[in-house]
Amino acid sequence: MAHKSVLLKEAIDCLALESGDVYLDATLGSGGHLEEVARRTRGSVELLGVDTDQMSLAIAKENLDLSGVKYKAVELNFRNIEKAPELLDAKAPSKILFDLGWSSPQFEEGARGFSFQ
């Protein structure tokens with residue numbers, strides 16, 4: 001089951017993105033927020049992402065590559081976010097989104113560390 005970002009429009013609207021911004025998705029997940037930012041900004045914003053979950057990074061890569069989104073991402077916990085620009089060879093972010101929830105696939109696969117069972 002694919003994860004669908006909740007309140008996607010509202011979250012991206014609140015960023016008030018402008019040409020030249022550096023956007024960092026601090027919880028990249030499957031890439032839904034970053035993909036929407038790319039769609040709206042059409043190359044006028046640098047796109048960066050971090051996630052601590054290797055599986056999420058792989059899913060995001062697959063999703064974003066299929067969409068043709070140009071971005072940089074690295075495995076990194078957002079608690080170390082200050083390291084992101086150096087690790088990604090990028091400028092400091094001007095806009096950052098933290099989606100501090102979870103995705104349904106994390107609960108559907110007990111090996112991911114979450115379960116209701």
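1. Strand S1 (residues 22–25) and strand S2 run parallel and are joined by four bridges; strands count as paired when DSSP finds at least two bridges between them. Leu24 stands opposite Leu48 in S2. Between S1 and S2 the chain passes through helix H2 (residues 32–41), and this β-α-β crossover is right-handed. Right-handed here means that, with the strands pointing away from the viewer, the path from the first strand over the helix to the second runs clockwise. Helices (H or I, at least four residues) and strands (E, at least two) are DSSP runs, numbered from the N terminus.

2. The model is predicted: local features need pLDDT of at least 70, side-chain atom pairs count only at pLDDT 80 or more, and totals for chains, interfaces and linings use all residues. Residues are numbered from 1 along each chain as its sequence is written, and side-chain values use heavy atoms, with hydrogens and water left out.

3. Strand S2 (residues 46–51) is largely enclosed by the rest of the structure, because five of its six residues are buried. Buried denotes under 20% relative accessible area, exposed over 50%, and partly exposed in between (1.4 Å probe, protein chains only).

4. S2 is also joined by four bridges to strand S3 (residues 72–75), and the two run parallel. In this pairing Asp51 stands opposite Glu75. S2, helix H3 (residues 54–67) and S3 form a right-handed β-α-β unit.

5. The 14 residues of H3 should span 20 Å at 1.5 Å a residue, and the end C-alpha atoms are 20 Å apart, which agrees. The expected span is 1.5 Å times one less than the number of residues.

6. Ser56, Leu57, Ala60 and Leu64 are the buried residues of H3. Seen down the helix axis, they fall within an arc of 95° and so line one face of H3; the arc is that of the directions from the axis to the C-beta atoms. Their cover includes H2, S2 and S3, contact being heavy atoms within 4.5 Å. The face turned away from the buried side carries the exposed residues Gln54, Glu62 and Leu66.

7. At the start of H3, a side-chain oxygen of Asp53 comes to within 3.0 Å of the backbone nitrogen of Met55. Just after the helix, Gly68 adopts a positive phi of about 75°.

8. Gln54 lies in H3 and is exposed, with a relative accessible area of 54%. Gln54 and Gly29 are 25 residues apart in sequence and 9.5 Å apart in space, C-alpha to C-alpha. The side chains of Gln54 and Glu75 are joined by a polar contact of 3.0 Å. A polar contact is a pair of N or O atoms within 3.5 Å; within protein, one must be able to donate a hydrogen and the other to accept it, and residues adjacent in sequence count only if both atoms are side-chain atoms.
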